[in-house]
Amino acid sequence: MSSASENTSRLQRVSGTFQSILNFLIFSIPLIISIYWAFFNHLPVGFTDQLLPVPVNKPLSAMILFFGLVVSLILAIPALYGIFNLKNLFKLYRKKIVFSHKNAEYILRFGYSLIGWVAAKLIFIAFISAVLTFGNQYGERMIVLQFEFSDIAILVSGSVIVIISWIMKEAAIIKEEQKYTI
């Protein structure tokens, strides 16, 4: 029996650690995005040409930097939504709640956040390419559409997580029904 209590204690510790990491990410992601765009014109070339879909060869105006920040938040929204739901899931695990409707709901929302992240990435790439080339002359402005193999993997992963959440929801229903069976 001590093995079960050790496992429960370990689950609570690990869940608390992940909850802290996820809390840190919730606050740091918007901050990092803001710092990135605030110092964009002063960043080394590797930080600007490899992270964006179009090359940026000149300093950007304050207006374009602001729109870059706003467009980047499109991509941050599903990521933050997913992280928020994972944090709440680990909060339940920390309270020793493993099979419940709430767990299944947080897992479902996380799966949807992955699917939403792929959609947001498509929108982000198109919008950020338009924003970054807005100051260019006509004929040099671009809208880039990009869909990669990793996006397919994320869509499949999100879909599998959604299906697992449905299974967990059914398991929670069965567990609840068994509680009242004599």
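Me: Starting with Glu-176: is this residue buried, partly exposed or exposed?
Reply: Glu-176 is partly exposed, because its relative accessible area is 33%, and partly exposed covers the range between under 20% (buried) and over 50% (exposed). Bear in mind that this is a predicted model.

Me: What else is in H5? Where does Asp-151 sit, and is it buried or exposed?
Reply: Asp-151 belongs to helix H5 too. With a relative accessibility of 1%, Asp-151 counts as buried, since the cut-off for that is under 20%.

Me: So what does Asp-151 touch, sequence neighbours aside?
Reply: Leaving out residues within four places in sequence, Asp-151 has contacts with Trp-117, Val-118, Lys-121 and Gln-146.

Me: And Val-156, how accessible is that one?
Reply: Val-156 is at 48% relative accessibility, so it counts as partly exposed. Val-156 is in helix H5 as well, and it's part of a nonpolar surface patch with Leu-122, Phe-147, Phe-149, Ile-152, Val-160 and Ile-164.

Me: How much area does that patch have, and which element gives the largest share?
Reply: Together those residues have about 640 Å² of accessible area. Helix H5, residues 149–179, gives the largest share, with five residues.

Me: Switching to the inside. Which residues touch the most other members in the largest nonpolar core?
Reply: That core has 21 residues, and the ones touching the most other members are Trp-37, Phe-40, Leu-52, Leu-60, Ile-128 and Leu-132. Helices H1 (2–38), H3 (62–94) and H4 (101–132) are the elements that each give two or more residues to this core. Another core lies apart from it, with 13 residues, including Leu-89, Leu-92, Tyr-93 and Ile-107.

Me: What does Phe-40 touch, skipping residues up to four places away?
Reply: Thr-48, Leu-52, Val-56, Leu-60 and Leu-65.

Me: Zooming out, how many helices and strands are there?
Reply: Five helices and zero strands, which reads as α-α-α-α-α along the sequence.

Me: What about the overall dimensions?
Reply: The C-alpha trace spans about 75 × 25 × 25 Å along its principal axes. The radius of gyration is 21 Å, whereas a compact globule of 182 residues would be near 16 Å.

Me: What percentage of the residues is buried?
Reply: Buried residues make up 34% of the 182. As for the accessible surface, it's about 11500 Å², and 70% of that belongs to carbon and sulfur atoms.

How values were computed: Residues are numbered from 1 along each chain as its sequence is written. This is a predicted model: local features need pLDDT of at least 70, side-chain atom pairs count only at pLDDT 80 or more; totals for chains, interfaces and linings use all residues. Side-chain values use heavy atoms; hydrogens and water are left out. Patches are made of residues with over 30% relative accessible area and no salt bridge: like charges are joined within 9 Å, nonpolar side chains (Val, Leu, Ile, Met, Phe, Trp, Tyr) within 5 Å. Accessible areas come from the Shrake-Rupley method with a 1.4 Å probe; for residues, only the protein chains shown count as cover. A salt bridge is a side-chain nitrogen of Lys or Arg within 4 Å of a carboxyl oxygen of Asp or Glu. Helices (H or I, at least four residues) and strands (E, at least two) are DSSP runs, numbered from the N terminus. Buried means under 20% relative accessible area, exposed over 50%, partly exposed in between (1.4 Å probe, protein chains only). Contact means heavy atoms within 4.5 Å. A nonpolar core is a set of buried Ala, Val, Leu, Ile, Met, Phe, Trp, Tyr and Cys residues joined through side-chain atoms within 4.5 Å. The radius of gyration is taken over C-alpha atoms; the globule rule is 2.2 Å times the number of residues to the power 0.38.
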